[in-house]
Amino acid sequence: MSTDNATQEPQEPQEPQGPVESRTGPAPGAAPRVRPYRHPAAGWGAAKSVARVLVEEREPVDGPRAVMRMNHEDGGFDCPGCAWPDDTKGLRLDICENGIKHVTWEMTRKRVDRAFFAAHSVTELAGWSDHDLEDQGRLTEPMVYDPASDHYAPISWKDAFEMVGAALRGLDDPNRAAFYTSGRLGNEATFLYQLMARELGTNNLPDCSNMCHEASGRALQDSLGTGKGTVDLKDWESADALFILGVNAASNAPRMLTALAAAERRGAQIVHVNPLVEAAATRTIVPHDFLDMALFRSTRTSTFNLQPRIGGDMALLRGMAKAVLEQSASDPRAVDTPFIDRHTTGFEEYRAVCEATPWEELEHQSGVSRADILKAARVYTEADRSIVSWCLGLTQHEHGVDTVREIVNLLLLRGNIGREGAGPSPVRGHSNVQGNRTCGVDHHPSEAFLDRLADACGIDPPREHGLDTVRTIQAMRDGRVKVFVAMGGNFALAAPDTPATYAALRSCDLTVQVSTKLNRSHVVHGRAALILPCLGRTEKDHQRKGVQSTSVEDSMSMVHLSVGMKRPASPHLLSEPAIVAGMARAALPDSRTPWDWYIEDYDRIRDTMALALDGFEDFNRRVRLPLGFRIKQPARELVFLTPSGRAEFSSAALPDVVPEPGTLALGTMRSHDQWNTTIYSDDDRYRGVKNLRTLVFMNRADMRERGIADMGPVDITSTAKDGSHRYLKGYTAVPYDIPRGCAAGYMPEMNVLCALGDYSTQSDQPIMKHVKVTIVPAAA
């Protein structure tokens, strides 16, 4: 079980139930160990890890069977984990270690039933580690919190829905409710969920994108008139150069390794940009390349690596653009002038900004030498077609929107938009986080979307913008939001400023968690609380018209069907669409929406979605095509839905990201043996860590300067924008290849360091990748 390693300044109340920061600790008797990882990504290390997981979850037969036939009616593995696209050639073994972990974690034979809740009070469970909570297994029936006994007790689905309905009907303002969505929710449930919220009268639809890729969507919308990337997997297969920024592909999108290995073999250039040189940026053995596995033959996954300081990516990108413009003076082909003249606006202003920025400032802010910036620029100008891909390493910053717009600026210079093998490619996280936004989970919906929804569904949706994730937490804490419903995820751990988030949830009159497994959000709850267990994506969804399928949208705008193959973990589980419909019926007794009719056959939901959502026309036919269909991207066709009707250069000022003397810029990240807030173990194989999560990676020179010994205990203090402080005590300092002035550690443990008010003024995202900290030897 965990101990309390986080404290808060006196003005913040200490949490009475369990630790403020919950974490896994080393296994009893297991000593922490850190050794350099010098092996290829994936390969036999991944195979060994998968075998261990299958044995531990007692799935040595059904686990491999699921790999061969998981969620595709005609066979093949459709990962319910990350949003990387399916292989374009129909490869049935396009799988990864984390995908199999995700599936077997869901397929576990362990159960959390009424006997479990009768044996363990909520106060007791609050002291358990997050790993231990989820490791108890699958939830089996609806549960309601009983404050008199401090236990969860069984409740019927009918009574649970009525409890939600009564709470929502009793609000004096529908905006006193908020409806959160994680990236696991399928498109059909997502559409019904937002329809319920808007029929109730609120746009309070916070989602995980508010914490992850909000900056990407806003930047791409401003620059290109679309909130999504313009490339697909076929473009990855034909690009001459790939620039991978701020992503640890081996852990966050492992199937990207297949694309990187293929790119290397055909001679493409691959540049990784990350403060840490991750395993995916070196070499790999792709597990389904059987000959390579047999011969232990690895493939390089990078041409070279650049290590900017945390937050220095924008300066690096502007330096590359400056180099391209300087080269164009002697080689006009370096800049695609006809493309710029025909399709863009703002170029002259941008060129002036680049020319006015001295190289010394670009080197200082990026932390990368001029020589290395020029080297990257040469790779870019020598490539006919380039893709720039990025993840949260670029977005969770104050200036995340400007940085993503700088990516677009660089692409526009050489006409790398709207043609094969070129364009921007954000790497989304969970399997349907992009689909959630496409299907209406958006706290600031467009008027066009609301008009079309009104016509298709016969409702009058509210027009006032709703609350995002940060503002929902603030509103709960202040008593303005009384009912909080979460479809999936682990909100208590995923959100910033853990004590503030805990206090916010506990201030609610009712919290509702729709989940598959026990997690922290079930023990940090409102005055009344419900746990509503749902089917997993691996399980058969039986409805009146037969077994149902749901659709998801990957990070490259491909929409395809997913069909569960396993018998449900409990006969009392309901599907996510059915749970949404049950809540909606109870909350909206006079609704004309045919909730029960929709649940009988999800094709009916899709028919309505085809009327309401742009790009989903003829939905039911197209989604059943091999690999599904791709939502149209106007910018790919050089149609830019911006105010100017053109792609727009941005000329934002370069931010100062250099830490003040004595401080460090700290970024939070996942370990390898982790998926979002789900922690499979205390190991991080690709960083050489075993039996340890309460650590901070530091540059060795920074450690010497502070008198910190290798693997020595340290205390970490963060300073928020408002001057307040947050603390983590007794962490272990691990020397690592990271730039001076930078540090890194694991979320969700380090979320406590990011103050609720420390969010980007550009995207409203918490700045979890750029926390201002001081680190000193631990007090005796």
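Predicted model: local features only at pLDDT ≥ 70, side-chain atom pairs only at ≥ 80, totals over all residues.
Reader: Let's start with Glu 214: is that one buried or exposed?
Author: Glu 214 counts as buried, because its relative accessibility is 4%. Buried means under 20% relative accessible area, exposed means over 50%, and partly exposed is in between, with a 1.4 Å probe and protein chains only. Residues are numbered from 1 along each chain as its sequence is written, and side-chain values use heavy atoms, with hydrogens and water left out.

Reader: Okay, and where does Glu 214 lie?
Author: In helix α9, which covers residues 214–224. Helices (H or I, at least four residues) and strands (E, at least two) are DSSP runs, numbered from the N terminus.

Reader: What is Glu 214 in contact with, leaving aside neighbours within four places in sequence?
Author: With that exclusion, Glu 214 is in contact with Ser 209, Arg 437, His 443, His 444, Ser 763 and Gln 765. Contact here means heavy atoms within 4.5 Å.

Reader: How about Glu 199, where is that found?
Author: Glu 199 is in helix α8, residues 187–200. Glu 199 is partly exposed, at a relative accessible area of 21%.

Reader: Which residues does Glu 199 contact, again leaving aside neighbours within four places?
Author: Ile 459, Leu 588, Ser 591, Arg 592, Thr 593 and Trp 595. With Ser 591, the side chain of Glu 199 makes a polar contact of 2.6 Å. A polar contact is a pair of N or O atoms within 3.5 Å; within protein, one must be able to donate a hydrogen and the other to accept it, and residues adjacent in sequence count only if both atoms are side-chain atoms.

Reader: And how far is Glu 199 from Thr 593, going by C-alpha atoms?
Author: Their C-alpha atoms are separated by 9.2 Å, while the two residues are 394 residues apart along the chain.

Reader: Switching to rings: how many aromatic pairs are there?
Author: The count comes to 19 aromatic pairs. Rings of Phe, Tyr and Trp (its six-membered ring) pair if their centres lie within 6.5 Å; planes under 30 degrees apart are stacked, over 60 edge-to-face, and the rest tilted. One of them is Phe 243 with Tyr 380, an edge-to-face pair at 6.0 Å centre to centre and 75° between the planes.

Reader: Which parts does that pair tie together?
Author: Phe 243 lies in strand β11 (residues 241–245) and Tyr 380 in helix α18 (residues 370–382), so the pair ties together parts 137 residues apart in sequence. Phe 243 is buried, at 3% relative accessible area, and Tyr 380 counts as buried at 0%.

Reader: What lies over the face of Tyr 380?
Author: Arg 414, at 5.9 Å from the ring centre. A charge sits over a ring if NZ of Lys or CZ of Arg is within 6 Å of the ring centre and within 35 degrees of the ring normal. The charged end of Lys 375 sits over the ring of Phe 304, 4.4 Å from its centre.

Reader: How many disulfides turn up?
Author: A search of the whole structure finds 0. Cys 208 is in no disulfide, and its nearest cysteine sulfur, that of Cys 212, is 5.7 Å away. A disulfide is a pair of cysteine sulfur atoms within 2.5 Å.
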